[in-house]
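Trainee: Could you take a close look at one spot with me and then walk me outward from there? I'd like the spot first, then whatever else is worth a look.

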Amino acid sequence: ACNRGTDAAADGAQVTLAVSTLNNPFFVDLRDGAQAEADALGVKLSVVDAQNDSATQANQLATAATNGAQGVIINAVDTETAEAGLAPVVKANLPIVAVDRSVGNTKIASFVASDNVAGGEQAAKALADSLDGKGKIIVLEGVPGASATNERGEGFTKGLAGYPDIKVVSKQTANFDRAEALDVVTNLMQSNPDAAGVLAMNDEMALGAIQALGAKAGKDVKVVGFDGTEDGFKAVKDGTLLATIAQNPEELGKQSVQLMSKAVAGEEVESNVQVAVDTVDSKNIAEYAKN
Amino acid sequence: MSSTAIAPKKGFDVKAFLANNGALVGLVVLCLALFIATPRFLTGPNLLNIGIQVSTIAVMAYGMTFVIVAAGIDLSVGSVAALSAMASSYWITTAGLPDALSIPVGLAVGAACGWVTGAMSAYGKLPTFISSLAMLTVVRGLTLVISDGRPISTGASVSWLGGDLGVVPVPIIILVVSGLIAAFVLNRTVIGKNAFAVGGNTEAARLSGIPVKRVLVTVFVISGVFAALSGMILAGRLDSAQPTLASGYELDAIAAVVIGGASLSGGVGRISGTLIGALVLAVIRNGLNLLSVSAFWQQVVIGAVIAIAVGFDVLRRKNVRH
Amino acid sequence: MSSTAIAPKKGFDVKAFLANNGALVGLVVLCLALFIATPRFLTGPNLLNIGIQVSTIAVMAYGMTFVIVAAGIDLSVGSVAALSAMASSYWITTAGLPDALSIPVGLAVGAACGWVTGAMSAYGKLPTFISSLAMLTVVRGLTLVISDGRPISTGASVSWLGGDLGVVPVPIIILVVSGLIAAFVLNRTVIGKNAFAVGGNTEAARLSGIPVKRVLVTVFVISGVFAALSGMILAGRLDSAQPTLASGYELDAIAAVVIGGASLSGGVGRISGTLIGALVLAVIRNGLNLLSVSAFWQQVVIGAVIAIAVGFDVLRRKNVRH
Amino acid sequence: MSHDALLVLKNVSKSFGPVTVIDDVTVEVRAGQVSVLLGENGAGKSTLIKMIAGVHEPDSGQILLDGSPVKIPDTKASEALGIATIHQELNLVPSMSIAENITLGRVPRRFGIINRRAMRQIAREALDKLGLNLDVDTKVGELGLAQQQLVEIAKALSLDARVLVLDEPTAALTKAEIAHLFAVVRSLKTQGVGMVFISHHLDEIAEIGDFVNVLRDGKFIATVPADTEENELVRLMVGRDIDEQFPRVAQEPGSQPLLSVQNLSEGMLQNVSLSVRPGEVVALAGLMGAGRTELIRAIAGADKYSSGTVLVSGKKLPSFDVAAATRAGVGHVPEDRKTQGLVLDASVAENIGYATMAATSRGGLVDRKGQRERAQQVAERLRIRMGSIDAPIRSLSGGNQQKAVFGRWFTAGAKVLLLDEPTRGVDVGAKVEIYELINEITASGGCVLMASSELPEVLGMSDRVLVMSQGRIAGEIPTAQATQDSIMALAVSNVHRENEMEEN
Ligand SMILES: Nc1ncnc2c1ncn2[C@@H]1O[C@H](COP(=O)(O)OP(=O)(O)OP(=O)(O)O)[C@@H](O)[C@H]1O
Ligand SMILES: Nc1ncnc2c1ncn2[C@@H]1O[C@H](COP(=O)(O)OP(=O)(O)OP(=O)(O)O)[C@@H](O)[C@H]1O
Ligand SMILES: O[C@@H]1[C@H](O)[C@H](O)CO[C@H]1O
Ligand SMILES: [Mg+2]
Ligand SMILES: [Mg+2]
């Protein structure tokens, strides 16, 4: 319905990447992966950051639909609301690739993601196994209401179902934030001095927990994170973090751009691309750590 | 000696025009710059986008204008928007009650929140910064409690708020209509004039027989209702009420009001100014997206443009006061 | 005829004590409630925790007190804390420059940010709400730009700020020492008195020859320096400067100052009050964690407790004024 | 121009936007003399002295100090030249102590650290000059208006200036304080200080002044000796004669009290009872701090009272409820127009209309046209000098602002007028207008309770005088029999005489 950018054709396709937030190294990696691939393919990538707000993202998507972009890669702030937010893009007939988080029932060219529920399950099992299936643990939740929080929570519950002797003594949010986790875990260790494990919904919070635990981290209290960030891997190598569920954000970004450039060219693309989620612990850390 | 000894000059007075339209000049300059920078800015669809995008903050800021004119501040609007949207969706989707009532229910929730904030300040004597900060937290907590942290789908009528009426997006219609109503109430009714008096000099207002406490409660109820409307528009656009909806929007709403020329010390403010303030914010964001400015630098630029836009407004004041 | 017709009562005056310690009473009640609710609250280690946890907000709020006393508001403190922490870590970790200078570099960045905010308001005549809101955005953007959105490890000296000195945590030492310095500057020096005068009645201050503009810039520089210190403590505790560090802390810092009895309209405020205000916030959070209150209800309770704590402060004012 | 001129304003002019407020005026200040500035409200007196104080710079013309031209861009510069100014409106920081206010902007310090002992010392010395025995650690906000005015004066005195400007310093003071102030002024004269004195109390001119510069509509009219006859001064000032300064037309009072106060106690007020009948003007006299303002505020509903009743037409008014009092027909002109009377950013029309806004509204809509018209009418009656009825009231001169507060209650048709220093800062001509309105209100069956520190006003405009002392009503005198001396005698009596004076 709108003027597609013919001016952009010379340097290849013009594509918008709508990211949920760039305040988190995970998404910075995702963007870097996407940017590198875009440069390699001659795609003109414009990145917009919703700062974790669905409505801001909806605004950015509406703008993308009219600003001459030929396709939209979306890392949704929230699965549920992405559908409505994407409506103008659908109306403009632009191909859509969803990355990291699903976008409800919107008709899209492709979905590239790692499975948060499965990852949550893996994380819970890794922690439970290291505790020989018994003991008190603390769960650190992400931003209340965010889909990653809900899905990983679901995964945790599934994973712990097989370990009746693991007791969750406290579930508290630290909003995916390292500094907040530091205070929350410090406080929780006061009320639960005998806790033996911390199950965190991302690496940032796991690192905050480690900071709070001090010398106890990795020894008296095991910590498991999620994401596989650089700092997370380093902590695994140091032995303070038992395990992290490594997503491969660079790969997510890279694949999404590849798929998009095909879709723009009118080629058929695979509708569902799974990027592997791995449990990274002391055994396989060597394969992941950069230094 | 005549009581009106000093006759004002007639004819078009540039200074006077600037005096009343400082932020407007900022907005026009901003639009011109964007028009030169990218041809995509001044297209029909993009202008419609801006209209839709500005609606949530502007509607919220209309209500905030009343509070600020009365020398208060309402930090709870983002949370109230979320709770109202959540309640109106819960009403139909979870509780299965009639959809026709879901918008009234949302508005009533907003009014009730505003009433509590206002009453804490009027009768409990808390500074409005504190009463509304407390409500910001409490109301967000309640939103999480009733939604259990999960989004709830909106009913048909709330979704309609985010849809189109013929070719015109409903949010834009609400933006205009509720703006006219707000301006009317603020300038033509006793409620509005009382807000100005209370904000301008509370003691003088009280000694003139104006019911200061009731005025304070009223402006917060108005703010709550506008916040609720704004929250439902937002939920309607997303077809879903989110527990994190509109969080942090309070600063944008306040900024819109202040960019529009209101004073946080009360007694001054206009709905048209507030709309311009909200437009300044929406146009900057839209323009930076159009120009593909990197996300990190966007924040730097947004901050700078806010300062500059208000700077224009300051220029006007220099021309007028001494 | 005696012009001091109303002789003050002598001896211990309960009303006067309450008058000066409204928020303190709130804090004591809060602590008693927690002591009854959980035996873990009143243990040495937990009290040390609270001391450490309160340090970041309290130090930030000390600086904020100067701004609020001068009738301003500083929304940029969270961002300034982040940029300063990031700059001090970048200095040594990324740029490889001498660690000994990393703390001074962080403080200088804070001072520079404060200077810009203050100058925008003093010389550019922007309301402080707007100048500091603009800085909030700009400075956070700069933090993201220099860090590229990733955490940077802190150097040894910044890490030391988050560590221990013997058995005493360094953050607690800084909390006490910087509090004493802040109180001294606010109450005993010309800088502090000028801030009170400007906040109490700007026009009177100006007519008395007080350099109002310079005073405004100075309070923002002070706020920037304290924010920087606070940011470095936080980064030191995490051994890493995060791009999202301290975001949203501005509201907590302002709340601490207001709970502590300061007025947002200026002219009133005490460092000891601010410390109490920060303690109220930290104790609530600590207590709710100890009691394992669900995350959703925590927010509801925090909001309610803020309102009640300030309510105690309002009680006192009733007892004193007419 | 005489050669002992210390400071000369030479051909100065000043405009605000299109309005010329000072038009080519030349005046001088001489060492050891008091130069009086006389003019109607809005004539430009304050604007003129603000040029010396560093608040406004003249658009054209020169300021000469000791014969050489100087620039006074700000207050600091003014102070540096040895000029101290007491402005018409108070410029104090209410949240700070008396000592801090007196030393504002020049606290004794070493290395930036305040010497609090020296600060208190300076303050105490300044208060002593005025014979004031106040605790220098008291917060200024806790003082009554008169005491605040004295602090402001003390602050200027402590500067030891060569030129002292006093813009209506006596407007809020009672006789006793004025006497103290004049004693200080006389001793400053002997020390060679040059002074500018502004006042609307003509009797003070002969008492303290040396010569008088008269301004009218921003223009210089004449310089005359201070002992010029009052009638002549008035003629120079307003350009016409004023027949009678106090045109009170007494009425036969009604039989039932319209306002009745019974055993009211609160704070310093102890068991105050009084009643005012329709058609009556009752004056409240007393020394500074006698409790007149407190009483008026309690009756108006502005402050709580712990015991007692207030009745209007026999109906009890709720305590601490101004809105209810307003509905019952009570109008209150507060002591301090700036903090209690006016919304400075709002227009003249709005300020006049606050008390009638709700009552004249229809369906919640403000009757904008009617409000403006009513405001315009009362502004004309009171000769309020303004840019237009829509100009912010901030831009009016002090006296004109005062008239607007009065106009508010006249417009509202108040039956019971509570006036607290109603003519503070109002010029002789405009005072007469206000008095005429008071007559009109009593003629139509209303009544007036008027606290005033101006004894001529008390004697000239009231029917009965109630004298307060230390929170009690010390006695009552019919105005016809009252003299300044008989009032003062009661005012200084601290004895408990309520039994003798119970009225009705
Ligand atoms: N800042 C301003 N802007 C516009 N007009 C002003 C301003 N200041 C003063 N005026 C106008 O200048 C005129 C003179 O005011 P000024 O205060 O000097 O009068 P005054 O002689 O001191 O009167 P009063 O006896 O009532 O104090 C008035 O008409 C007033 O409205
Ligand atoms: N808000 C207040 N807080 C504390 N004391 C007050 C307050 N207002 C007035 N006072 C004191 O109460 C006493 C009575 O003051 P009030 O103003 O009623 O006296 P007054 O007779 O009107 O005299 P004047 O107005 O000339 O000072 C004074 O000593 C005054 O200092
Ligand atoms: O997958 C990401 C990361 O785990 C991040 O830490 C939070 O948001 C999720 O969507
Ligand atoms: Mg004057
Ligand atoms: Mg009085």
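What relative accessible area does D:Arg383 have?

Mentor: Keep in mind that this is a predicted model. D:Arg383 has a relative accessible area of 28%, so it counts as partly exposed; that class runs between the buried cut-off of 20% and the exposed cut-off of 50%. D:Arg383 is found in the loop that runs between α13 (368–381) and α14 (398–411) of chain D. The backbone deserves a glance too: phi of D:Arg383 is positive, about 50°, although the residue is not a glycine. Most residues other than glycine have a negative phi.

A:Asn175 lies in the loop between β7 (166–173) and α6 (178–191) of chain A, and its relative accessibility of 28% is why it counts as partly exposed.

Back in chain D, go to the metals. The magnesium ion (ligand 5) is coordinated by OG1 of D:Thr293 and OE of D:Glu335, at 1.9 to 2.3 Å. D:Thr293 belongs to helix α9 (residues 292–300) of chain D, while D:Glu335 is in the loop between β18 (330–333) and α11 (337–341), 42 residues apart. D:Glu335 counts as buried because its relative accessibility is 13%. D:Ser46 and D:Gln88 are buried.

Chain D also has charge on its surface: D:Asp241, D:Asp243, D:Glu244 and D:Glu436 form a negative patch. D:Glu244 is in the loop between α8 (230–238) and β13 (259–266) of chain D, and it counts as partly exposed because its relative accessibility is 47%.

Now for charges that pair up. The count comes to 43 salt bridges over all chains. One of them joins A:Arg152 and A:Asp227, with the closest N and O atoms 3.9 Å apart. A:Arg152 and A:Asp227 are both buried. In another salt bridge, A:Asp231 meets A:Arg178 at 2.8 Å, N to O. A:Asp231 sits in helix α8 (residues 230–238) of chain A and A:Arg178 in helix α6, so the pair ties together parts 53 residues apart in sequence. A:Arg178 counts as buried because its relative accessibility is 4%.

Chain B has a salt bridge between B:Arg285 and B:Asp252 (2.9 Å, N to O). Helix α13 (residues 271–290) of chain B holds B:Arg285 and helix α12 (residues 249–259) holds B:Asp252, 33 residues apart. B:Arg285 is partly exposed, with a relative accessible area of 31%, whereas B:Asp252 is buried at 18%. Chains A and C get involved as well: salt bridges that share partners join A:Asp29, A:Arg31, A:Asp32, C:Asp148 and C:Arg150 into one network.

Last stop, the nonpolar patch on the surface of chain B: B:Val28, B:Leu32, B:Phe35, B:Ile36, B:Leu42 and B:Leu47, with about 600 Å² of accessible area together. Helix α2 (residues 22–37) of chain B gives the largest share, 4 residues.

Conventions: Residues are numbered from 1 along each chain as its sequence is written. Chains are lettered from A and ligands numbered from 1 in the order in which they are written. This is a predicted model: local features need pLDDT of at least 70, side-chain atom pairs count only at pLDDT 80 or more; totals for chains, interfaces and linings use all residues. Side-chain values use heavy atoms; hydrogens and water are left out. Patches are made of residues with over 30% relative accessible area and no salt bridge: like charges are joined within 9 Å, nonpolar side chains (Val, Leu, Ile, Met, Phe, Trp, Tyr) within 5 Å. Accessible areas come from the Shrake-Rupley method with a 1.4 Å probe; for residues, only the protein chains shown count as cover. A salt bridge is a side-chain nitrogen of Lys or Arg within 4 Å of a carboxyl oxygen of Asp or Glu. Lys and Arg count as positive and Asp and Glu as negative; His and the chain ends are not counted. The place of a charge is taken as NZ of Lys, CZ of Arg, CG of Asp or CD of Glu. Helices (H or I, at least four residues) and strands (E, at least two) are DSSP runs, numbered from the N terminus. Buried means under 20% relative accessible area, exposed over 50%, partly exposed in between (1.4 Å probe, protein chains only). Donors are N, O and S atoms within 2.8 Å of the metal (3.2 Å for Na, K and Ca); water is not among the atoms, so sites may look incomplete.
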